[in-house]
Amino acid sequence: MDYNLLRDLAIIVITAKCLGIAARHIRLPQVVGEIVAGLLLGPSMLGIVGQSDFLTIMAEIGVILLMFSAGLQNKLSELLKTGPKAFLIACAGVFVPLIMGAVLYMAFYGVSPWGSENFYKAVFTGVIMTATSVSITVETLREMGKLSGKCGTAIMSAAIIDDVLGILVLTFVIGFRDPSVQPLQIIINTVLFFVFAVIVGILLYKAFRKIDQAYPHTQRLPILGLGLCLLMAYAAETYFGIADITGAFVAGVVLCNLPDSEYIEQKMDITSYMFFGPVFFASIGLKTVLSGITPQIIFFTIGFIAVALLSKIAGCGLGAKLCRFSSRDSICIGVGMMARGEVALIVAQKGLNVGLMDASLFTTVILLIIVSSIVTPIFLKICFGERKLKSES
């Protein structure tokens, strides 16, 4: 065994946590600090830690655990309650950024025919823009007392569906890129996986519910849940050709309605928070290549951030308007959906692994997360503040 790996892991975990805490103190997501830690330690700056197969595997496990936790945070009852409106908002919030992101990439790197490598990279740029992170939005709405209101509920429900649709689009893009795979086969595999997930999910949910009732609040439930997460990720990738993170996400959704789902999430969060999460986000910084940044990439980054923010406001706002929300509420919902976070990083990481994204563009995604994390709370407060003043006058 190469014991230098233990040294590298220690350096990564300590540095990532310290900078993560520092980021939180200046009201940025912790993941921003953890990514900066990777940049600082990686070859672009100090060069203390290098990429290795071991770190890549640890980062991949981190992605799977993060998506499992994301699935656990869902509530099917809330989805069903606000389902139709939230689904339309989410669809518009995925479609508009997907198209605008692809157009932006082609404007900078040329229009390419269907099926070419450049075409799939363009589509993948749009896929990155589809992801939404509402952690910043939730905290802001909670401070303003708007979390349980009509807009807050719509944002939360649409964000959940948005992530599901984004992961599905990612699965299709990766599948279509493989020339040995036929489009019809991708569709069949996806349908078969979700049929499998529903049938197995119902059976496993009943089994887990009985275990939960017999042994509430015990360690065996999170351990079995982790086993289910890993098995679903394995089955998705191996037998259906679906991204492993999709299987992990579905495993979380299967268990999200258990009485002890929050307990499972807390235990999983400890594992992810202490080790796998920091390693994953730091690995993104390690893979980021600052030396490859050119004037074209700088201009592309500016366009990427602007399009990513505006396309969410336009797409989700349009969807909300079609659902008969007022113009002001529609804008508020669009603004609430424009923040990006972990899911965008996970999608970008997956694209980098399969060759759909250049390492030099990782900085672009990181900057989008930082900018959206800063401007979303400001715009939300302006949006709701103006509406309040108007109603009081």
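This is a predicted model: local features need pLDDT of at least 70, side-chain atom pairs count only at pLDDT 80 or more; totals for chains, interfaces and linings use all residues.
Me: What is the division by class of the residues in the contact of α6 with α13?

Reply: The crossing of α6 past α13 is right-handed. From α6 come Thr125, Ile128, Met129 and Thr130, and from α13 come Phe300, Phe304, Val307, Ala308 and Lys312. By class, the contact of α6 with α13 divides into 6 nonpolar, 2 polar and 1 charged.

Me: How many nonpolar, polar and charged residues does the contact of α10 with α11 have?

Reply: α10 passes α11 in a right-handed crossing. On the α10 side the residues are Gly225, Leu228, Cys229, Met232, Ala233, Ala236 and Glu237, and they meet Asp244, Gly247, Ala248, Val250, Ala251, Val254 and Leu255 of α11. The contact of α10 with α11 has 10 nonpolar, 2 polar and 2 charged residues.

Me: With which residue does Arg7 form a salt bridge?

Reply: Side chains of opposite charge can pair when their charged atoms come close. The structure holds 2 salt bridges. In the one made by Arg7, the closest N and O atoms are 3.0 Å apart, inside the 4 Å cut-off.

Me: How many residues apart in sequence are the parts that the pair Glu34 and Lys17 ties together?

Reply: Glu34 forms a salt bridge with Lys17, with 3.1 Å between the closest N and O atoms. Glu34 lies in helix α2 (residues 30-41) and Lys17 in helix α1 (residues 4-25), so the parts tied together are apart in sequence by 17 residues.

Me: Are Glu34 and Lys17 buried or exposed?

Reply: The test is a relative accessible area under 20% for buried and over 50% for exposed. Glu34 and Lys17 are both buried.

Me: What is the phi of His217?

Reply: Most residues other than glycine have a negative phi. His217 lies in the loop between α9 (183-214) and α10, and is exposed with a relative accessible area of 51%. Its phi is positive, near 55 degrees.

Me: What is the phi of Arg324?

Reply: Arg324 is placed in the loop between α13 (295-322) and α14 (327-336). Because its relative accessibility is 80%, Arg324 counts as exposed. The phi of Arg324 is also a positive value in a residue other than glycine, near 70 degrees.

Me: How many Å apart in space are Lys206 and Leu258, C-alpha to C-alpha?

Reply: Lys206 is in helix α9 and is exposed, with a relative accessible area of 53%. Lys206 and Leu258 are 52 residues apart in sequence, and their C-alpha to C-alpha separation in space is 9.4 Å.

Note on methods
Residues are numbered from 1 along each chain as its sequence is written. Side-chain values use heavy atoms; hydrogens and water are left out. A salt bridge is a side-chain nitrogen of Lys or Arg within 4 Å of a carboxyl oxygen of Asp or Glu. Helices (H or I, at least four residues) and strands (E, at least two) are DSSP runs, numbered from the N terminus. Buried means under 20% relative accessible area, exposed over 50%, partly exposed in between (1.4 Å probe, protein chains only). A crossing is left-handed if the near helix is turned anticlockwise from the far one by less than a right angle, and right-handed if clockwise. Contact means heavy atoms within 4.5 Å. Ala, Val, Leu, Ile, Met, Phe, Trp, Tyr, Cys and Pro count as nonpolar, Asp, Glu, Lys and Arg as charged, and the others, Gly among them, as polar.
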